[in-house]
Amino acid sequence: MKITLDIKDRIILIQNMPDQKPSEAMILIEKISISEEEKESYGYAVYDNKITWNTSIDTNREFDMSIEEISFINNILDNMNKAGFADIPSFQTYKKLKSL
């Protein structure tokens with residue numbers, strides 16, 4: 001299944017991975033991590049533990065996901081929902097991906 005993730009979605013998913021990462025998590029992290037080339041082209045930067053990028057650039061990227069990867073993403077989303085949402089961007093990512 002193909003899904004489109006923007007840079008915000010990718011960051012939120014990676015930040016919400018379980019502390020002890022099973023192989024499924026590590027495979028997903030490798031797949032959706034932001035490459036150095038992308039960081040440069042998006043103006044990605046970290047200041048005082050805050051991630052920024054040029055929001056006028058389209059950061060959408062299509063990923064081919066297996067059923068297992070989609071299931072793992074759903075588990076991450078369920079855990080995010082149980083823990084509560086710290087901010088609107090996290091909730092927006094939750095709504096977007098939960099509809100898959």
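1. Let's start with Glu69, which sits in helix 4. Is Glu69 buried or exposed? This is a predicted model, and in it Glu69 has 11% relative accessibility, so it counts as buried, the cut-off for that being under 20%. Leaving aside neighbours within four places in sequence, Glu69 is in contact with Ile27, Leu28, Lys31 and Asp64.

2. Now compare Ile67, also placed in helix 4. Ile67 comes out at 70% relative accessibility and therefore counts as exposed, since the cut-off there is over 50%. As a general matter, nonpolar side chains in soluble globular proteins tend to be buried together. One more thing about Ile67: in sequence, 66 residues separate it from Met1, yet their C-alpha atoms are 7.4 Å apart in space.

3. Next, have a look at how helix 2 (residues 23–32) meets helix 4 (residues 67–83): they pack at an angle of about 100°, and their axes are 10 Å apart. That angle makes helix 2 roughly perpendicular to helix 4. On the helix 2 side you'll find Glu24, Ala25, Ile27, Leu28 and Lys31, while helix 4 brings Glu69, Phe72, Ile73 and Ile76. By type, the residues of this contact split into 6 nonpolar and 3 charged, with no polar ones.

4. Which residues touch the most other members of the largest nonpolar core? They are Leu5, Leu13, Leu28, Met65 and Ile73, out of 19 residues in that core. Two or more residues come from each of strand 1, helix 1 (7–15), helix 2, helix 4 and helix 5 (88–98). Helix 4 is the top contributor, giving 6 residues.

5. Not counting residues up to four places away in sequence, Met65 touches Met1, Ile3, Leu5, Leu28, Lys31, Ile32, Ile70 and Ile73.

6. Finally, strand 1 (residues 2–5). Which of its residues are on the covered face? Ile3 and Leu5 are, whereas Lys2 and Thr4 make up the uncovered one. In general, side chains in a regular strand alternate between the two faces of the sheet. Strand 1 pairs with strand 4 (residues 61–64) in the antiparallel sense, over 4 bridges. Within that pairing, Lys2 stands opposite Asp64 of strand 4. Asp64 also turned up in the first point, as one of the contacts of Glu69.

Methods
Residues are numbered from 1 along each chain as its sequence is written. This is a predicted model: local features need pLDDT of at least 70, side-chain atom pairs count only at pLDDT 80 or more; totals for chains, interfaces and linings use all residues. Side-chain values use heavy atoms; hydrogens and water are left out. Axes are lines fitted to C-alpha atoms, for helices over the stretch in contact, and angles run from 0 to 180 degrees between N-to-C directions. Angles under 35 degrees count as roughly parallel, over 145 as roughly antiparallel, 65 to 115 as roughly perpendicular and the rest as oblique. Contact means heavy atoms within 4.5 Å. Ala, Val, Leu, Ile, Met, Phe, Trp, Tyr, Cys and Pro count as nonpolar, Asp, Glu, Lys and Arg as charged, and the others, Gly among them, as polar. Buried means under 20% relative accessible area, exposed over 50%, partly exposed in between (1.4 Å probe, protein chains only). Two strands pair if DSSP finds at least two bridges between them. A nonpolar core is a set of buried Ala, Val, Leu, Ile, Met, Phe, Trp, Tyr and Cys residues joined through side-chain atoms within 4.5 Å.
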